[in-house]
Amino acid sequence: MAERFDNLEEHLEKFIENIRQLGIIVSDFQPSSQAGLNQKLNFMISGLQDIEKCRQQLHEINVPLEVFEYIDQGRNPQLYTKECLERALARNEQVKGKIDTMTKFKSLLISELGKVFPEEMAKYKAIHGEDAPSL
């Protein structure tokens with residue numbers, strides 16, 4: 001998988017360099033540089049074809065739109081991953097707290113119901129296999 005990305009990266013770097021050189025030729029165009037301009041245009045076309053071939057190899061990869069927003073803002077796209085993990089950890093802690101609270105509530109409820117409805121709770125515990133509530 002990594003070599004497919006390396007291949008795409010290599011083609012993109014070549015394409016960018018070719019575009020940079022093309023810009024230099026165009027910005028200071030002389031009639032004598034027409035052959036060089038034509039050659040760079042042909043390299044640009046073949047570079048786009050190479051990038052298209054790489055794209056076909058990577059069609060199953062989905063990139064969240066937020067990553068492109070990070071790039072547009074001049075931010076490191078790896079920060080997106082870091083921030084997603086931080087949000088997931090924070091959310092995980094919240095959910096874990098809720099689960100712990102609900103477990104304690106269930107245990108307390110079973111205990112209190114056992115005091116008020118001992119026969120019914122004995123049947124409930126027999127069905128669900130709960131011998132004693134845990135705190």
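Mentor: A definition is needed at the outset: helices are DSSP runs of H or I with at least four residues, and they are numbered from the N terminus. The model under discussion is a predicted one. With that definition, the order of elements from the N terminus is α-α-α-α-α; that is, the protein holds five helices and zero strands. Its radius of gyration is 32 Å, well over the 14 Å that the globule rule gives for 135 residues, so the protein is more spread out than a compact globule. The C-alpha trace spans about 100 × 30 × 20 Å along the principal axes. Of the 135 residues, 13% count as buried.

Against that background, the largest nonpolar core consists of five residues: Leu8, Phe15, Ile51, Cys54 and Leu58. Two helices, α1 (2-27) and α2 (34-57), each supply at least two residues of this core.

Apart from neighbours within four places in sequence, isoleucine 51 is in contact with Leu8, His11, Leu12 and Phe15. Along the chain, isoleucine 51 and glutamine 34 are 17 residues apart, and their C-alpha atoms are separated by 26 Å.

Histidine 11, one of the partners of isoleucine 51, lies in helix α1. With a relative accessible area of 15%, histidine 11 is likewise buried. Once neighbours within four places in sequence are set aside, its contacts are Asp50, Ile51 and Cys54.

If residues up to four places away in sequence are not counted, leucine 58 touches Arg4, Phe5 and Leu8.

Two further values return the view to the whole protein. Among contacts with a separation of 6 or more, 43% are between residues 24 or more positions apart. The accessible surface comes to about 10800 Å², and carbon and sulfur atoms account for 60% of that area.

Conventions:
Residues are numbered from 1 along each chain as its sequence is written. This is a predicted model: local features need pLDDT of at least 70, side-chain atom pairs count only at pLDDT 80 or more; totals for chains, interfaces and linings use all residues. Side-chain values use heavy atoms; hydrogens and water are left out. The radius of gyration is taken over C-alpha atoms; the globule rule is 2.2 Å times the number of residues to the power 0.38. Buried means under 20% relative accessible area, exposed over 50%, partly exposed in between (1.4 Å probe, protein chains only). Contact means heavy atoms within 4.5 Å. Accessible areas come from the Shrake-Rupley method with a 1.4 Å probe; for residues, only the protein chains shown count as cover. A nonpolar core is a set of buried Ala, Val, Leu, Ile, Met, Phe, Trp, Tyr and Cys residues joined through side-chain atoms within 4.5 Å.
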